[in-house]
Amino acid sequence: SGGAHSTVKRREFIKVSSLLGAGAVTSPAFLLGGCAAKPLPGTGTITSTPTICDMCFWKCAGHIYKEDGELWKITGNDDDLHSGGRLCTRGTGGPGAYLDRDRLKKPLMRVEVDGRQTFREVSWDEALDFIAGKMRSIAETHGPEKMLMLNHGAGSAHFRHLLRAYGSDSRAEPAFAQCRGPRDVGFRLTVGESASSPERTDMANARCIVLLGSHIGENLHNGQVQTLAEALNKDVTLITVDPRFSVPAGKSKYWLPIKPGTDIALLLAWMNVLIDEGLYDKDYVERYTMGFEQLKAHVRDYTPEWVYLETGIKPDVIRATAREMAMASPATVVHPGRHAVWYGDDTQRSRAIAMLNVLLGSWNRKGGFYIPEKVSLPNYPLPDYPRPKYKTADAYPGKWPFAGQGVTNGVIDASVGDDAFFKGWLVYGTNLPQTIPGVEEKLKAAANSLELVVVVETMPSEMTGYADVILPECTYLERYDDLRNSGERHPSLALRMPAFEPMYESKPGWWMAKQLGHRLGLDKYFPWEDYSEKLDWQLRQVGSSLEEMQKIGVKNFPRKTPLHLEENRPVSFRTPSRKIELYSQQLADAGFDPMPVYTPPDPVPKGFYRLNYGRMPAHTFGKTTNNPLLFQLSPENQLWVNPLVASEWDLRSGDYVRLGSPNGVVSNKIRVRVTERIGPDSVFMAHGFGHKSKRLRLTAGVGADDSTLMSNIKIDPIMGGTGMRANFVTFVKERAAGAAS
Ligand code: MGD
Ligand code: SF4
């Protein structure tokens, strides 16, 4: 019956395990590497379709090859300067997302059967009618702005368009408050612009590169790894600051195994040396900056000798590395990093990184940073959106004044309770339970008070357990999305188009948005029958067409603006003073430190270790761990343990252990890897494992999830970032009964 769902009031988190039977995978030959009934490879008819990889957010362009209509392989697009024509490991395994037998197959709706909540398969019409009905009632009763989007990934643009047409621009994404936010805000406060994605570093031309806790090579962003490799081939001086002997640390001239949480002290000491020894770029500083005298006074006390005591990095090493940077400047990149949410003072740390680059004169100079440019691609002509009465930040007034976009923790808090600000959620492509540490109780409470929770997903992620309605999206290989047009060194457009019909009853995001738009009386915002019409119109405005792009996939355009600062032209930066702000009046006025100040990290409690986490080359968070091809490569995460610690706890490589947090949470089992590459005060694991959703049949219960162990979260007061690195864990050993000592 169509009405069963409407009786569900309080939402239980649904741990469905028996929900859906295994669906037939239509192309098992590729997955199993078998070719029983197939002719010899290479004897059939080959076709290729352009795509943009969606295994991470770097957006490399590629081609899907089919032989006699069946998936053969995916490769990089040779014309794509952004990816150097190559895909990384994850990109090559991308078709595994399409073939995954655990994919969501039909729309699902929460129902109550015999007093227990479960999901029921429904038709698209039923699901969409239900959502549109709830959205209409939210708009009428509370205002459309009370409908919030939580999102990650390119496909969310379709739903943002829908919500803006409906009257809401309320949204937040973990990629901000749980990742890049502090970095982008710190740079914006200093040089007036963010460090961009893809990062605007000119590493290929650099003579010195400094990586602070940015493990490029493990964190695989294709183009960036290639330019780092190029620089290494040209004998760049690589300086890696990481408590862990990471992959780039192994390729470095200097590895600085810093005491975790003390980076700001090191950055201030480097600035102290550059100023003290007169090694900074005086001309650049004079021309483009304000606040140098205050900076000079501020860093005076941060001598290498003092900072040594905090960081463990010897004064002569601090001096030698500062001189290396100065010698190579302006072709020195102090990399801004990416995942920047560490200790809660991260905007200030990022500001210190920006300031160091400025002293080296490398911002917007060759070998330092470049000025990105996009293709000026007109928007499809549509009516204006209605003007929302509320902005996202109205949900948490007075908090995090420099965020500039929605803060996930803030909007989730503002969704709990009967008088909550938000009344409905549309969650697209983000798995909040694993992504925001310590959020599960809040999610349950929010799900209980919200009037509508829609989750658009390809997979039965943990987040789907909180939904009223789950909409199964087809994967990137089965759909059109917007053209790729990112700010880069070389402006280009790239096309994602369907290489296959959507499997099962999954549908593209643009189609769902249009269908909902229709039901909400918003047809004028969705004048296309098929999304390809919109793309074709846009392409024709810049001298191309869908037909051309379907053949070439990527089109490169000439730059119209200079790549670097033009030395003899007046330059205006996007700050209030129009200069680079070494001293930040904006921060001072808002009651924050105008200069980055170092605060020592919390000490490690006895018997505990710092929980360090990061990435591994074959996976992107939890998004790829159930992908059968990537699972085969990297089925589980491992816990790096220093030999001294291993002997103290009687652990050997290959053993499984559980970890415990100070507040008593115990993790899943994780396999131990004893290695000198981590110091004795920390352990390390890759993020994205320890899935709880049983419907992710490959990855469920495999490995440990760092998020569940995080109880000591440091929120950045400037922009709301979730500092995750101040957490401690201890071992909870399996074997000896009750011997968690
Ligand atoms: P994932 O956890 O990978 O990313 O966090 P999220 O943005 O939540 O979840 C992505 C979800 O999108 C998956 O469930 C996947 O199945 C779904 N999905 C994949 N493809 C599609 C698609 O085409 N359409 C739709 N609709 N859905 C799709 C990432 C965030 O997490 C980030 S950016 C960082 S840097 C942080 N990293 C991090 C960490 O390292 N440790 C801890 N503890 N927390 C972290 N949180 C942050
Ligand atoms: Fe895909 Fe790898 Fe490029 Fe990310 S870096 S988009 S996973 S090929």
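Is Cys 53 buried or exposed, and what is its relative accessible area? The points below take that up first; the model is predicted.

1. Cys 53 is buried, because its relative accessible area is 7%, and buried means under 20%. Cys 53 also belongs to the set of residues around ligand 2. Cys 208 is likewise buried, at a relative accessible area of 0%. A disulfide is a covalent bond between the sulfur atoms of two cysteines. The count of disulfides in this model comes to zero.

2. The residues around ligand 2 include Cys 53, Cys 56, Cys 60 and Cys 88, together with Met 55, Trp 58, Lys 59 and Arg 90. Leu 87, Gly 91, Leu 220 and Asn 222 are also in this shell. Sorted by class, the shell holds eight nonpolar, two polar and two charged residues.

3. Lys 59, one of the residues around ligand 2, sits in the loop between β1 (46–52) and β2 (61–67). Its phi is near 65°, a positive value in a residue other than glycine. Lys 59 counts as partly exposed because its relative accessibility is 33%, which lies between the 20% and 50% cut-offs.

4. The loop between α6 and β8 contains Ser 196, whose phi is also positive, near 65°. Ser 196 counts as buried, at 14% relative accessibility. In the loop between α6 (174–191) and β8 (208–212) lies Pro 198, and a cis peptide bond joins Ser 197 to Pro 198, with omega about -5°. Most residues other than glycine have a negative phi, and most peptide bonds are trans.

5. A cis peptide bond also runs from Ser 329 to Pro 330, with omega near 5°. Pro 330 is in the loop between α13 and β12 (332–334).

6. Helix α13 covers residues 315–328, 14 residues in all, and its first and last C-alpha atoms are 20 Å apart, close to the 20 Å expected at 1.5 Å a residue. Buried residues in α13 include Ile 318, Thr 321, Ala 322, Glu 324 and Met 325.

7. Met 325 is also among the residues with the most contacts inside the largest nonpolar core, which has 65 residues; Ile 209, Trp 270, Met 271, Leu 295, Leu 356 and Leu 359 are the others. Helix α9 (residues 263–276) supplies the largest share of this core, eleven residues. Leaving aside neighbours within four places in sequence, Leu 295 is in contact with Met 271, Ile 275, Met 355, Leu 359, Leu 582 and Met 595. A second, separate core has 49 residues, among them Leu 377, Trp 510, Leu 520 and Phe 526. In soluble globular proteins, nonpolar side chains tend to be buried together.

Methods: Residues are numbered from 1 along each chain as its sequence is written. Chains are lettered from A and ligands numbered from 1 in the order in which they are written. This is a predicted model: local features need pLDDT of at least 70, side-chain atom pairs count only at pLDDT 80 or more; totals for chains, interfaces and linings use all residues. Side-chain values use heavy atoms; hydrogens and water are left out. A residue is near a molecule or strand if one of its heavy atoms lies within 4 Å of it. Ala, Val, Leu, Ile, Met, Phe, Trp, Tyr, Cys and Pro count as nonpolar, Asp, Glu, Lys and Arg as charged, and the others, Gly among them, as polar. A nonpolar core is a set of buried Ala, Val, Leu, Ile, Met, Phe, Trp, Tyr and Cys residues joined through side-chain atoms within 4.5 Å. Buried means under 20% relative accessible area, exposed over 50%, partly exposed in between (1.4 Å probe, protein chains only). Helices (H or I, at least four residues) and strands (E, at least two) are DSSP runs, numbered from the N terminus. Contact means heavy atoms within 4.5 Å. The expected span of a helix is 1.5 Å times one less than its number of residues. A disulfide is a pair of cysteine sulfur atoms within 2.5 Å.
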